[in-house]
Amino acid sequence: MRLDWELGADFFLKHLIDGDAASNTLSWRWVGGLHTKGKTYLARPDNITRYTANHPQGPLAAEGLAEDAPALEEDADHTRLKLDLPGPLGITQPYALLLHDEAASAVPLNLAHPPALIIGAARPEARSPGQVGDKASAFVSGAVSSGVEAAHQEYGAPVAMWAEGKPLAPLLDAAGISQIVVPYLPVSWTRDALMPDLAPMIANHRAHFILDDLNRATWPHAKAGFFGVKKQIEKVLRDIGLTGSEL
């Protein structure tokens with residue numbers, strides 16, 4: 001149909017409650033032949049019928065679908081970036097823990113020292129320059145709120161919410177805390193929304209990224225989809241001590 005692939009990616013991000021940059025945006029690039037250069041993914045009537053089988057008016061019938069589609073092209077060449085994952089966290093002084101869209105739970109972090117303050121920062125509106133759907137927005141906000149409450153119950157620390165458009169530093173100053181720990185922010189709209197406040201703190205050694213053991217062990221193997229991780233997953237789980245009984 002010669003539509004910009006970004007229109008589809010943006011529409012999905014506005015409405016998918018579990019939308020994320022990798023599985024959504026890169027999938028749209030793959031469909032258009034940008035991510036797998038020269039190869040497009042064509043819609044098939046049998047797939048559409050199969051996956052709309054429970055539609056209220058019955059399965060959707062797809063007619064007139066293209067049987068061939070030239071791959072999209074772009075001037076930019078997106079090479080793989082070297083991973084720069086944070087090392088183990090060594091903070092012992094009082095700190096605030098920031099929970100956000102990409103990491104709404106403190107459980108996987110396995111914190112050695114409990115936080116003195118828990119801050120929640122939900123940014124569903126950062127997904128799109130347009131209006132984000134109610135279900136997606138409610139899901140993200142609810143996930144962060146639930147994570148903050150669970151952390152409060154676990155650690156007994158007070159809670160603060162970092163609202164969109166408000167500065168972060170006053171929340172720390174009001175609690176008499178100078179340090180903040182942030183679950184690692186990968187490339188995403190959440191990073192874009194939070195980094196303007198966090199970057200100066202990182203430069204001043206006030207903000208520190210933390211990454212859970214499972215992601216730290218698996219991400220280096222995710223170089224071309226999930227298959228590299230799949231080959232290593234049993235060893236990775238053994239190495240970090242995650243056994244079948246715990247799963």
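## Fold and overall dimensions

The protein chain has eight helices and five strands, taken as DSSP runs numbered from the N terminus (helices: H or I, at least four residues; strands: E, at least two). From the N terminus, the order of elements is α-α-α-β-β-α-β-α-β-α-β-α-α. The C-alpha atoms fill a box of roughly 65 × 40 × 40 Å along the principal axes. Of the 247 residues, 30% count as buried; buried means under 20% relative accessible area, exposed over 50%, and partly exposed in between (1.4 Å probe, protein chains only).

This is a predicted model, in which local features need pLDDT of at least 70 and side-chain atom pairs count only at pLDDT 80 or more, while totals for chains, interfaces and linings use all residues. Residues are numbered from 1 along each chain as its sequence is written, and side-chain values use heavy atoms, with hydrogens and water left out.

## Salt bridges

The structure holds six salt bridges, each defined as a side-chain nitrogen of Lys or Arg within 4 Å of a carboxyl oxygen of Asp or Glu. One of them joins glutamate 164 to arginine 123, with the closest N and O atoms 3.0 Å apart. This pair links distant parts of the chain, 41 residues apart: glutamate 164 is in the loop between strand S3 (159-161) and helix H5 (169-175), and arginine 123 is in the loop between strand S2 (117-121) and helix H4 (134-155). Arginine 123 counts as buried because its relative accessibility is 2%.

Another salt bridge connects lysine 235 and aspartate 239, at 2.7 Å between the closest N and O atoms. These two residues are separated by about one helical turn because they are four residues apart in helix H8. Lysine 235 is partly exposed at 45% relative accessible area, whereas aspartate 239 is exposed at 55%. The side chains of arginine 44 and aspartate 46 also meet in a salt bridge (3.2 Å, N to O). Arginine 44 is partly exposed, at 41%, and aspartate 46 is partly exposed, at 46%.

## Helix H8 and lysine 230

Helix H8 (residues 227-239) also contains lysine 230. Lysine 230 has 54% relative accessibility and so counts as exposed. Its C-alpha lies 9.3 Å from that of threonine 218, a residue 12 positions away in sequence.

## Loop between H1 and H2

Leucine 16 is placed in the loop between H1 and H2. With 32% relative accessibility, leucine 16 counts as partly exposed.
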